[in-house]
Amino acid sequence: MHPRRSYGRWRLLLAAPRSGAENMARDTVLHARAARTGEAVFSIYSWTRPTLSFGRHQPATGLYDLERIRAANVDVVRRPTGGRAILHHREVTYSVTAPVKDAPPLRETFSRINLILLDGLTRLGVAAELASTTERAPTPSVRPCFETPGEGELVARGSKLVGSAQWRDDGALLQHGSILVDDDQSSLPSLATAGANASTSALPRPATLHALLGRAPNAAEVASAMFDAVRSLEDADATEIAEDEIRDETLQHVPHFLNEEWTWRR
């Protein structure tokens, strides 16, 4: 049964590994496409190089050390969504773009997407659940995204497994997030400045798919599980969309995410 079809048709995209700028540009294009076409797209993707991403409003200038970042061979990008820093390397990223008619509450759309994630994780063999904390979402800061779960985020064995953020504009939403395969997040303090590094000591370790499953699933396996969840919960007729359909438009947006004025705007 598929009682909810307010997003209209769903499409599914397993993208090739791309740079941070290309990944964020593609999500931006899909966001605009959702408003234009009325279609929702669930994407799974990975990154060609380790990449540190800052949230849209997160302070970074003076808190992260560009020389340390470059010495570690890590790229930097700023996301169009909010939240705090994530190191994208041994993880799988998902994104959902969808039209938002009549502006449903953010909590409602966040919960709806979480149901897909929970179903997909169950298909992988992971027993995840919603965090029970009643704390407000953390304010943007140098603290990593996976330090503590916010209300409604996904945890496994009490530790955060999926970090997500949502942004809305021009009649559409973009929600994307990171599903950890292994723990790279504990290395984030080494990329911060000396003063900021002191404030990130003794970080709790997040949950990872590798630890939970005893193996490291690849992006294609995660995509298969998540796409089955979309078809089960949202649209039994969901079909795949080819990345080539939006490739030219994506490349037009890449310079914005390569622009250091945007990356280091705060």
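Where is the place of E234? Select E234 and you land in the loop between α6 (219-233) and β11 (239-240). Before going on, a word on ground rules: this is a predicted model, where local features need pLDDT of at least 70 and side-chain atom pairs count only at pLDDT 80 or more, while totals for chains, interfaces and linings use all residues. Residues are numbered from 1 along each chain as its sequence is written, and side-chain values use heavy atoms, with hydrogens and water left out. As for the element names, helices (H or I, at least four residues) and strands (E, at least two) are DSSP runs, numbered from the N terminus.

**Stop 1: around E234**

Is E234 buried or exposed? E234 counts as buried because its relative accessibility is 0%; buried means under 20% relative accessible area, exposed over 50%, and partly exposed in between (1.4 Å probe, protein chains only). Next, show the side chain of R112, which makes a polar contact of 2.7 Å with the side chain of E234. A polar contact is a pair of N or O atoms within 3.5 Å; within protein, one must be able to donate a hydrogen and the other to accept it, and residues adjacent in sequence count only if both atoms are side-chain atoms.

**Stop 2: helix α3**

R112 is one of the buried residues in α3, along with others including F110, I113, L117 and L121. Select residues 106-124 to see the whole helix: 19 residues, reaching 27 Å from first C-alpha to last. That is close to the 27 Å expected at 1.5 Å a residue, where the expected span is 1.5 Å times one less than the number of residues.

**Stop 3: the aromatic rings**

Which residues form one aromatic cluster? Pick F42, Y94 and F227. Rings of Phe, Tyr and Trp (its six-membered ring) pair if their centres lie within 6.5 Å; planes under 30 degrees apart count as stacked, over 60 as edge-to-face and the rest as tilted. The count comes to 6 aromatic pairs. Among them, F42 and F227 are edge-to-face, at 6.3 Å centre to centre with 85° between the planes. This pair links distant parts of the chain, with F42 in strand β2 (residues 40-45) and F227 in helix α6, 185 residues apart. F42 and F227 are both buried.

Now jump to F257 and W262, another edge-to-face pair. Both of these residues are buried too.

**Stop 4: S95**

Go to strand β6 (residues 91-99) and pick out S95. S95 counts as buried, because its relative accessibility is 0%. Its side chain makes a polar contact of 2.9 Å with the side chain of D27.

**Stop 5**

Select N73 in the loop between α2 and β4. N73 has a positive phi of about 60°, although it is not a glycine. R157 has a positive phi too, about 55°, and is not a glycine either. You'll find R157 in the loop between β8 (154-156) and β9 (159-169). R157 is exposed, because its relative accessible area is 69%.
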